[in-house]
Amino acid sequence: MEMDPVLAALNQTVLISGPGPFVLLGVPGLETLHAWLAVPVCLLYMAALAGNVLLLGLVAADKTLQAPMYQLLGLLAAADLVLATSTVPKALAVLWGLSAEISFAACLAQLFVTHVAFIAESSVLLAMAVDRYVAICQPLRYGALLTQRVVGGVAVAAVTRGACVMAPPVALLQRLPYCGQRELPHTYCEHMGVARLACGDTRPNVWYGLATTLLSPALDFGLIATSYAFILRAVCRLPSHGARCKALGTCGAHASVITLFYTPALFSFLAHLFGRHTVPGHIHILLANLYMVVPPALNPVVYGVRTQQIAQRLRHLLRLCWVGAVRGVSPERASHSSE
């Protein structure tokens, strides 16, 4: 039986242009709490913006923070800013009832940028683990192996890796047929959430989503764990207790950030793939929102507290700002007067 020419043309148009705008439902089952849920998300987002912009500014402007370790921190702060900003503003608009619709193109762009930022941040954390491994296990070669050029290569490789990993699922989503289902039970667009709105075969999306989880964050986490195993072996061979504590202290902030980043993210990914009937939907969505704002908000705090040189420069900057505010002069003039 041949398809009506009008219907065939309509289907072809839908496949080319994509479906109509989706409607983001927020957190199903907790609609009455949306406005209250938005408050901590907004506060954490503001903290993430302030902390990461401050950390990025310190690394960029302070000549004493030009070592590869601190430049990698700058990359981490940039990835955190992109990760949070790609999702949280729209999530807040949904939770506050300001705007729930999102076009198909904007939805694909959002999930592409979000996942690229996530993969890039995972890559930067892996590079930071390698940095700590070289600093502790091969300190004499640290200056030769880790240079500013290497850090620049890490930045390009992290973004390129994320883009290459996320290009296929976006193409798969564009090729799927959509039959009118427009309601997306989430606060932002996510790969498998969008795929489930399609009326075609989504098995390639499921398997590719599993592969990217295993070959991106899971692989990075395994390599980071391996590097820390070598670090612990090297630390245990140090002769004095003080040297061992100092070596482990340089890894403390990084280990804390790894825990904050990977734990909720991997749980959220695996729950979305396999736990649809075991993990309540609102729990999954809440966790997905938390891992978009909690690590970006806490990373600058962790590094500001655990990294001595950053803490010193931050105290110095705050002291200059305070002196400038009291005297009515700029921080630059306050710096010159204090010297």
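These legends accompany several close-up views of a predicted model. Local features need pLDDT of at least 70 and side-chain atom pairs count only at pLDDT 80 or more, while totals for chains, interfaces and linings use all residues. Residues are numbered from 1 along each chain as its sequence is written, and side-chain values use heavy atoms, with hydrogens and water left out.

**View A. The largest nonpolar core and a second, separate one.** A nonpolar core is a set of buried Ala, Val, Leu, Ile, Met, Phe, Trp, Tyr and Cys residues joined through side-chain atoms within 4.5 Å; buried means under 20% relative accessible area, exposed over 50% and partly exposed in between, with a 1.4 Å probe and protein chains only. The largest core holds 69 residues, and Y178 and V194 touch the most other members. Helix α5 (residues 104-137) gives this core its largest share, 17 residues. Have a look, too, for the second, separate core of 12 residues, which includes A38, V41, Y45 and A84. Helices (H or I, at least four residues) and strands (E, at least two) are DSSP runs, numbered from the N terminus.

**View B. Helix α5 crossing helix α7 (residues 148-175).** The two axes come within 8 Å and cross at roughly 145 degrees. Here, axes are lines fitted to C-alpha atoms over the stretch in contact, and angles run from 0 to 180 degrees between N-to-C directions. Among the residues that meet are F104, L108 and F112 of α5 and V165, M166 and V170 of α7, contact meaning heavy atoms within 4.5 Å. The residues of this contact divide into 18 nonpolar, 4 polar and 1 charged; Ala, Val, Leu, Ile, Met, Phe, Trp, Tyr, Cys and Pro count as nonpolar, Asp, Glu, Lys and Arg as charged, and the others, Gly among them, as polar.

**View C. D220 and its partner R161.** D220 sits in helix α10 (residues 217-236) and is buried, at 1% relative accessible area. Its side chain meets that of R161 in a salt bridge (2.8 Å, N to O), defined as a side-chain nitrogen of Lys or Arg within 4 Å of a carboxyl oxygen of Asp or Glu. R161, in helix α7, is 59 residues away in the chain and counts as partly exposed at 22%. Leaving aside neighbours within four places in sequence, the contacts of D220 also include S122, S123, L126 and Y262.

**View D. The salt bridge of E101 with R182.** The closest N and O atoms are 3.5 Å apart. E101 lies in strand β2 (residues 101-102) and R182 in the loop between α7 and β3 (183-184), so the pair ties together parts 81 residues apart in sequence. E101 is partly exposed at 45%, and R182 is partly exposed at 32%.
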